[in-house]
Amino acid sequence: MQSTASQSLFFHRRDPFGRFVVISLIGHGVVLAGFTAFSLFATAPAIDLDPKPIKASLVRLGVKRDDKLLPRKDEVPPPPAEKPAPAPTTRQDLMHALDKAKRTPSESKDDTRKQLFGAFNKMSKTAQVEGAPDGSPDGDSAVQEGERYWAELRAQVHRYYDVSQTIPESERMHLRAEVAIKIGSSGQLLKVELAKPSGNSLFDQAVVAAVKKASPFAPPPDTLRANLQSSGVALDFRAL
Amino acid sequence: MTAVLAALAAATLSQVPVIEISNANFRPMPLAVAPPIVQDPGAKAAVAELDESLMFDLSATGIFQLLDRKSFLADTKEGITASSINFARWSDVGAESLVKTQVALADGNIRADLRVFTVATGKEDLKVSQEMPPKDARRLAHALADAIFKFFTHEPGSFESHIAYSRSAGGNKDIWLADWDGRRAMQVTEGGLNLLPAIGRDGASVAYTSYRSGKPDIYFQRPGSKPASIVKAGQMATGAAFSPDGRRLAYSLATGDNSAQIWVAKADGSDAKVITNTPFFINSSPSWSPDGKQLAFVSNRGGTPQIYIMGADGSNARRITFQGNYNQTPDWSPRGDLIAFTARDERAAFDLFAVNVDTGKVTRLTQDQGNNEEPSFAPNGRLIVFQSDRAGAWHLYVMTTDGTTQLPLPEEKGEYSTPSWGP
């Protein structure tokens with residue numbers, strides 16, 4: 001049976017908290033001392049602060065390609081069997097061989113100059129290279145240039161390709177006319193002629209007017225200049 | 001791109017390269033209409049009317065860009081023959097075609113000689129001569145405009161046709177019959193509430209709905225004559241529409257306890273037959289297809305008012321509008337392709353739309369200009385007359401079928417509503 005005195009807030013009891021604090025402080029001190037001693041005597045492993053990030057991306061597998069389309073390993077062709085140099089047969093050959101052997105180790109002044117200018121030549125040639133880096137190594141800039149010119153010509157004429165709304169819808173589907181033009185070296189219109197009329201005078205006038213209003217054009221590229229001046233180009237107009 | 005490749009391929013074969021250019025920009029043709037040359041001072045007033053009507057007709061088509069007369073000065077020496085015209089001057093002001101008219105008095109009539117020239121070539125394309133009494137100067141202008149329209153489009157014009165409409169004045173709403181442009185209007189009814197007219201095949205008579213007996217009935221009348229009742233049965237008969245051949249009349253009629261149904265009768269109202277059978281749903285506003293074999297109408301059988309089409313005997317009814325919840329007043333184009341109708345859009349404004357009968361594609365024709373209702377196609381299907389309150393009161397407007405050109409019709413006092421375009 002517990003006395004009421006032991007429940008009273010005024011009754012002084014022995015407190016276990018003070019002993020716990022002392023033990024805890026001693027324990028913490030030991031652990032701290034242990035870490036300090038470890039850090040003084042042990043060397044930490046070096047940490048690379050500039051690691052290259054490793055990137056991984058998830059991709060969906062494409063359709064399986066035909067084996068013959070897969071890149072093949074280039075097989076190194078077998079080295080050609082070394083042929084022994086033919087023995088000099090004549091006196092001239094012998095002299096030539098000797099001369100070559102003499103020049104090979106040490107280069108003459110002329111060769112040095114040639115090499116120097118050759119380097120400049122190379123540099124200048126590099127600067128002249130045109131086209132897309134993934135373009136044909138044989139070069140296709142002339143084709144591209146021509147293609148670009150036709151596209152520009154077409155766009156410029158189309159800008160002025162205004163046709164009267166009075167032409168009935170039923171007729172528009174069949175309207176087609178061809179205009180032959182010749183273009184000078186600076187892009188000026190040398191000749192415009194209705195080569196194949198549509199049969200609708202309004203449409204025919206509109207296509208000729210479109211060409212006249214669109215001129216002068218850009219100067220043609222070198223590859224097209226002569227042809228555009230002599231034989232020209234035909235513009236095939238369709239209403240729709 | 002294909003064209004360019006074709007051109008390149010041809011170039012490599014050392015032939016003339018060909019570049020294909022398609023998709024022309026279609027735009028209204030710049031047209032100069034020179035002021036008419038008046039040969040008799042006595043014809044001046046008639047010529048002014050003729051000139052005004054001709055200009056209005058041509059501007060309403062939407063296919064011409066009429067050059068402002070302020071941009072060119074009339075050369076008094078210039079006649080109407082090619083040899084007397086300085087075409088370079090017309091070309092300078094941007095004209096592609098030129099209309100020249102000369103008007104003279106001949107035996108009490110006014111005689112108009114009209115020429116159309118291609119400005120670039122100076123070629124005379126069209127030559128028309130017509131004469132009419134001076135009081136019909138506007139009708140003469142419509143005939144000339146029709147000739148010009150037909151020359152350019154190879155289609156008949158609609159400028160000699162008529163419109164009928166209801167016009168309010170002094171507490172009454174009367175039916176009027178006018179030229180297509182609202183001019184030369186004649187009052188058909190006298191007093192009471194009259195609306196929803198439909199023009200007869202002769203272009204000079206009107207069937208309409210009138211409340212003169214206390215309930216809506218359908219009457220037939222010519223200006224200056226007495227009305228003839230053609231549908232007086234039931235509680236409510238409205239929205240008469242003549243078939244394209246003028247022999248039959250479709251209308252909406254409510255009888256007994258039933259909702260309004262579509263009926264088809266002979267043009268005089270005899271031999272009437274009901275062709276819809278939805279007693280609990282309303283069917284109204286019939287409009288004939290150009291071949292007279294089908295009818296477009298409004299029904300709320302699907303829950304909301306929508307446009308339906310069916311055979312002229314009531315067979316094969318099918319719904320053709322599925323957007324919006326309030327579509328009404330259909331009018332079938334005489335070209336057959338479109339049905340124009342009034343719809344209440346999402347902002348509760350009434351606007352005009354057109355649905356393609358074959359594809360079901362809906363095109364908006366009016367927007368942001370008040371309320372626009374009651375469309376009616378011109379006999380050639382190229383223009384639409386409708387009522388709009390964009391300027392305050394209800395008035396009539398005319399527009400091209402794509403809604404690009406919209407012009408108000410001349411107006412006098414009162415409000416104009418329920419227009420109908422007929423022969």
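Visitor: Which residue of chain B forms a salt bridge with Asp162(A)?
Guide: Arg27(B). The closest N and O atoms are 3.5 Å apart. Keep in mind that this is a predicted model.

Visitor: How many salt bridges are there between chain A and chain B?
Guide: The count is 3. Over all chains, the structure holds 30.

Visitor: Back to Arg27(B). Which side chain meets Arg27(B) in a salt bridge at 2.8 Å, N to O?
Guide: That is Glu96(B). The pair links distant parts of the chain, 69 residues apart. Glu96(B) sits in the loop between helix H3 (87-92) and strand E6 (97-106) of chain B. Arg27(B) is in strand E2 of chain B.

Visitor: Now the whole interface. How much area do the chains bury?
Guide: About 3000 Å² between them, with 60% of it on carbon and sulfur atoms. On the chain A side, Arg154(A), Gln165(A) and Thr166(A) lose the most area to chain B. Together they account for 21% of what that side buries.

Visitor: How many residues does each chain give to the contact?
Guide: Chain A gives 30 and chain B gives 28.

Visitor: And how many residue pairs are in polar contact between the chains?
Guide: 18, with both residues at pLDDT 80 or more.

Visitor: Which elements of chain A give two or more residues to the side that touches chain B?
Guide: Helix H5 (141-159), strand E1 (162-164), helix H6 (169-172), helix H7 (201-214) and strand E4 (233-238). The largest share, 8 residues, comes from H5(A).

Visitor: Switching to sheets. Which strands make up the mixed one with strands from both chains?
Guide: The order is E3(A)-E2(A)-E4(A)-E1(B). It is an open sheet of 4 strands.

Visitor: Why do E3(A) and E1(B) each have one side without a neighbour in the sheet?
Guide: Strand E3 (189-196) of chain A and strand E1 (18-21) of chain B stand at the edges. Each has a single partner strand, so one side of each is left without a neighbour. From one strand to the next, the twist averages 25°.

Visitor: How do E2(A) and E3(A) run, parallel or antiparallel?
Guide: Antiparallel, with 6 bridges joining them. E2(A) spans residues 176-183. One facing pair is Lys182(A) opposite Lys191(A) in E3(A). As for packing, H5(A) lies on the sheet and touches E2 and E4 of chain A together with E1 of chain B. The direction of H5(A) makes about 40° with that of E1(B).

Visitor: What about chain B, what is the order in its open sheet of 4 strands?
Guide: E11-E10-E9-E32, with antiparallel pairing. Strand E11 (186-187) and strand E32 (416-422) stand at the edges. Each has a single partner strand, so one side of each lacks a neighbour in the sheet.

Visitor: How many bridges do E9(B) and E32(B) pair over?
Guide: They pair over 5 bridges, in the antiparallel sense. E9(B) runs over residues 162-169. Ile163(B) stands opposite Trp421(B) in E32(B).

Terms used: Residues are numbered from 1 along each chain as its sequence is written. Chains are lettered from A and ligands numbered from 1 in the order in which they are written. This is a predicted model: local features need pLDDT of at least 70, side-chain atom pairs count only at pLDDT 80 or more; totals for chains, interfaces and linings use all residues. Side-chain values use heavy atoms; hydrogens and water are left out. Contact means heavy atoms within 4.5 Å. Buried area is the accessible area (1.4 Å probe) that two parts lose on being put together, summed over both. A salt bridge is a side-chain nitrogen of Lys or Arg within 4 Å of a carboxyl oxygen of Asp or Glu. A polar contact is a pair of N or O atoms within 3.5 Å; within protein, one must be able to donate a hydrogen and the other to accept it, and residues adjacent in sequence count only if both atoms are side-chain atoms. Two strands pair if DSSP finds at least two bridges between them. Axes are lines fitted to C-alpha atoms, for helices over the stretch in contact, and angles run from 0 to 180 degrees between N-to-C directions.
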